[in-house]
Amino acid sequence: MAPRVSILMYHQVGDFPPMKAHRANYCDHRRFARQMGFLHALGFEVLDLDQALAGLFGEGPPPARSLALTFDDGYDNFAEYALPILTRYGFTATVYAISGWLGQPIQWYGQEPGRARPRLMDAGRLREIQAAGMTIGSHTVTHARLAEIGPEAKRRELTVSKATLEDLLGTEVRHLCYPFGSFDLDAVRAAGETGYVSATTCLRGPATAADHPLLLPRKAISFGDNLLGFAWKLGFKQAPKPDLVAWRQRLSQSPVL
Ligand SMILES: [Zn+2]
């Protein structure tokens with residue numbers, strides 16, 4: 001079997017009343033603790049994205065039971081709820097920060113009535129979680145839909161967020177996540193030109209050696225996933241989704257780098 005790594009996608013982890021919309025944006029912290037405990041009990045190795053890339057595209061196969069954890073947007077509740085649980089098991093994760101909105105409440109989608117707009121981590125918090133072993137990646141400057149903006153705006157979103165975060169963190173920012181899973185071939189090309197070594201999408205499936213490192217699929221863990229659903233998503237048997245297959249083909253026909 002070709003080398004593969006499941007890259008799990010989370011957004012918020014915390015204590016939430018049940019919601020009808022955007023369920024993949026929430027994970028109950030008790031459920032999250034059980035999920036991480038399950039990975040630990042089964043001997044899963046949690047890789048950072050550089051290790052995952054090396055396993056998929058470089059040094060040779062990642063451990064059979066390995067995965068990577070990603071958290072989009074960089075919510076304050078990552079530090080409050082997810083970090084202590086990750087630390088308990090010695091797990092690492094990548095948090096994708098929106099460089100223009102650090103320390104601010106999230107702005108882009110209408111929350112359900114009565115639900116507060118969650119705040120994003122500020123630079124100090126990002127430095128703290130980095131010091132605790134997490135990797136910070138870019139989620140652009142303004143959480144832009146990259147497929148819907150022009151080439152110059154695209155490049156600005158990618159370069160300014162990288163430079164801003166690098167300045168704040170004092171480390172190289174190598175990993176990107178396309179906001180809303182929105183990208184096109186030019187965005188992928190621009191990501192490579194800007195110096196990102198990986199970029200994650202909302203395309204579904206395990207990441208394999210057949211993927212392009214700037215177009216990595218993930219598996220969203222949703223509010224409704226109990227431990228059984230979580231365990232199912234760790235499995236490698238699901239066939240790649242048609243949109244993922246189509247993008248692989250498009251990339252192979254028009255190489256971006
Ligand atoms: Zn996002």
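## Helices α1 and α7

The axes of α1 and helix α7 (residues 227-234) come within 10 Å and cross at roughly 50 degrees. This arrangement belongs to a predicted model. An angle of 65 to 115 degrees would count as roughly perpendicular and one under 35 degrees as roughly parallel, and α1 and α7 are therefore oblique to each other. The crossing in which α1 passes α7 is right-handed.

Which residues meet here? On the α1 side they are Arg 34, Gln 35, Met 36, Phe 38 and Leu 39, and on the α7 side Leu 227, Phe 230, Ala 231 and Leu 234. Sorted by class, the contact of α1 with α7 has seven nonpolar residues, one polar and one charged.

## Helices α1 and α3

Helix α1 (residues 29-41) also has helix α3 (residues 76-89) beside its axis: the two axes come within 10 Å and cross at roughly 20 degrees. Angles under 35 degrees count as roughly parallel, so α1 is roughly parallel to α3. Here too α1 passes its partner, α3, in a right-handed crossing.

From α1, the contact with α3 is made by His 29, Phe 32, Ala 33, Met 36, Gly 37 and His 40. From α3, the residues are Tyr 81, Ala 82, Ile 85, Leu 86, Arg 88 and Tyr 89. Eight residues of this contact are nonpolar, three are polar and one is charged. Met 36 of α1 takes part in the contact with α3 and is also listed in the contact with α7.

## Helices α4 and α5

Two packed helices are described by the angle between their axes and the distance between the axes. For helix α4 (residues 123-131) and α5, the axes come within 10 Å and the crossing angle is roughly 70 degrees. That value falls in the range of 65 to 115 degrees, which means that α4 is roughly perpendicular to α5. The crossing of α4 past α5 is right-handed.

The contact joins Ala 123, Leu 126, Arg 127 and Gln 130 of α4 to Leu 165, Leu 168 and Leu 169 of α5. By class, these residues of α4 and α5 divide into five nonpolar, one polar and one charged.

## Leu 102

Where does Leu 102 lie? Leu 102 is in the loop between β6 (94-97) and α4. Its relative accessibility is 19%, and the limit for a buried residue is under 20%, so Leu 102 counts as buried.

Leaving aside neighbours within four places in sequence, Leu 102 is in contact with Ala 97, Leu 120, Met 121, Asp 122, Ala 123, Leu 126, Leu 165 and Leu 168. Among them, Ala 123 and Leu 126 belong to the α4 side of the contact between α4 and α5, and Leu 165 and Leu 168 to the α5 side. Arg 4 is 98 residues from Leu 102 along the chain, and the C-alpha atoms of the two are separated by 33 Å.

## The zinc site

Which residues coordinate the zinc ion? They are Asp 73 (OD), His 139 (NE2) and His 143 (NE2), at 2.1 Å. Along the chain, the donors follow the spacing D-x65-H-x3-H. Asp 73 lies in strand β5 (residues 66-73) and His 139 in the loop between β7 (135-138) and α5 (151-169), so this pair ties together parts that are 66 residues apart in sequence.

Are these two residues buried or exposed? Asp 73 is buried, with a relative accessible area of 2%, and His 139 is buried, with a relative accessible area of 1%.

## Positive phi values

Most residues other than glycine have a negative phi. Asp 73 has a positive phi, near 90 degrees. Thr 140 also has a positive phi, near 70 degrees. Thr 140 is placed in the loop between β7 and α5, and at 0% relative accessibility Thr 140 counts as buried.

## Gly 58

Gly 58 is in the loop between α2 (49-57) and β5. A residue counts as exposed at over 50% relative accessible area, so Gly 58, at 54%, counts as exposed. Gly 58 and Ala 209 are 151 residues apart along the chain, and their C-alpha atoms are separated by 9.4 Å.

Key: Residues numbered from 1 in each chain as written. Predicted model: local features only at pLDDT ≥ 70, side-chain atom pairs only at ≥ 80, totals over all residues. Heavy atoms only, no water. Donors = N, O, S within 2.8 Å, 3.2 Å for Na, K, Ca; no water. Helix = DSSP H or I, 4+ residues; strand = E, 2+ residues; numbered from the N terminus. Buried < 20%, exposed > 50% of the residue type's maximum accessible area, 1.4 Å probe, protein only. Axes fitted to C-alpha atoms, helices over the stretch in contact; angles between N-to-C directions. Parallel < 35°, antiparallel > 145°, perpendicular 65-115°, else oblique. Left-handed = near helix turned anticlockwise from the far one by under 90°. Contact = heavy atoms within 4.5 Å. Nonpolar A, V, L, I, M, F, W, Y, C, P; charged D, E, K, R; others polar.
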